[in-house]
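Dear colleague,

Please find the structure below, handed over for you to look through alongside my notes. The notes follow directly after it.

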Amino acid sequence: MEQILAFFKGKLPAAADFGIHIIISLVAWFIGKRIIKAVLKFLKKSFERSRMEDGVAAFLLSIIKFALYFVLLILICQFLGLETSSVIALLGSAGLAVGLALQGSLANFAGGVLILVMKPFMVGDYIIVGGMEGTVLSIDIIYTKLQMVDNKTVIMPNGKLADSDIINVTRQDKRRIDIEVGVDYSENIQKVKRVLDTIIQNQSEILRDEPVDIVVGQLGSSSVDMVVHVWVKKEDYWNVRWELLEKIKETFDQEGIVIPFNQLDVTLKKRCD
């Protein structure tokens, strides 16, 4: 480009020289547009191969497209001899002001991008976060919606989600049920273990190829705390847990196994005047 200008420099009047600058700038603009389109096309295919979320891919492509066109425009303005430093400073000041005004929204936006890119959970997963738990209904760029077990819908800001500890309950295809039940110190521990094992063997949904634990968890202040660990498919977790608790109580009653509980004795004394 400079060689072309050097060739015509001094041979044409200033107006013609500026016209050549305009023509070369237009050519550079159209060539730059083609290069930008090729870059965006390549990036789009790369995002598709990486199975990136559509929302994240579209957002990143928009940002990259804006940045590339901005750089191309600045280069052309500089070539034409236009002052660009004041424009860049003005845009920077405006961006800072907008960023300060929208701190919360930008934090949620950034959190949404992180969630969509890192995928700590997906739509349909059951998660526990910040004392709330439920099934993920949707993941938007600003908010995530959870459906709780009682059919309430919770809308959580993505900024808070990205900064919290997230427990993804259903990411794996199976879950372990942990049950703790206390028995009286007078009970025969081996008998209690046999009763618990019989209950487990009669539960068809329990996975037989996974380990089963029936152990003494701890010696409490008023009971021997038995711990039971079994594995089930994630969709059977709650039904099996509830059935096991019910069967344990019924079977312990039938076998005469005492489950201790706290009792309060109140003694009333009659005052004689």
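**Strand pairing and aromatic contacts**

In this predicted model, strand S7 (residues 213-219) runs antiparallel to strand S8 (residues 224-233), and the two pair over 6 bridges. A hairpin of 4 residues joins S7 to S8, and Leu219 stands opposite Val224 in S8.

Turning to the aromatic side chains, the count comes to 3 aromatic pairs. In one of them, the ring centres of Trp29 and Tyr69 are 5.8 Å apart with their planes at 50°, so the pair is classed as tilted, given that planes under 30 degrees apart would count as stacked and those over 60 as edge-to-face. Trp29 is partly exposed, at a relative accessible area of 26%.

Tyr237 and Trp238 also form an aromatic pair, here edge-to-face, with 5.0 Å from centre to centre and 90° between the planes. As to burial, Tyr237 has a relative accessibility of 9% and therefore counts as buried, whereas Trp238, at 38%, counts as partly exposed. Ring pairs join Tyr237 and Trp238 with Trp242 into a cluster. Tyr237 has a further contact to look at, in that Arg175 lies over the face of its ring, at 3.6 Å from the ring centre.

Note on methods. Residues are numbered from 1 along each chain as its sequence is written. This is a predicted model: local features need pLDDT of at least 70, side-chain atom pairs count only at pLDDT 80 or more; totals for chains, interfaces and linings use all residues. Side-chain values use heavy atoms; hydrogens and water are left out. Rings of Phe, Tyr and Trp (its six-membered ring) pair if their centres lie within 6.5 Å; planes under 30 degrees apart count as stacked, over 60 as edge-to-face and the rest as tilted. Buried means under 20% relative accessible area, exposed over 50%, partly exposed in between (1.4 Å probe, protein chains only). A charge sits over a ring if NZ of Lys or CZ of Arg is within 6 Å of the ring centre and within 35 degrees of the ring normal. Two strands pair if DSSP finds at least two bridges between them.
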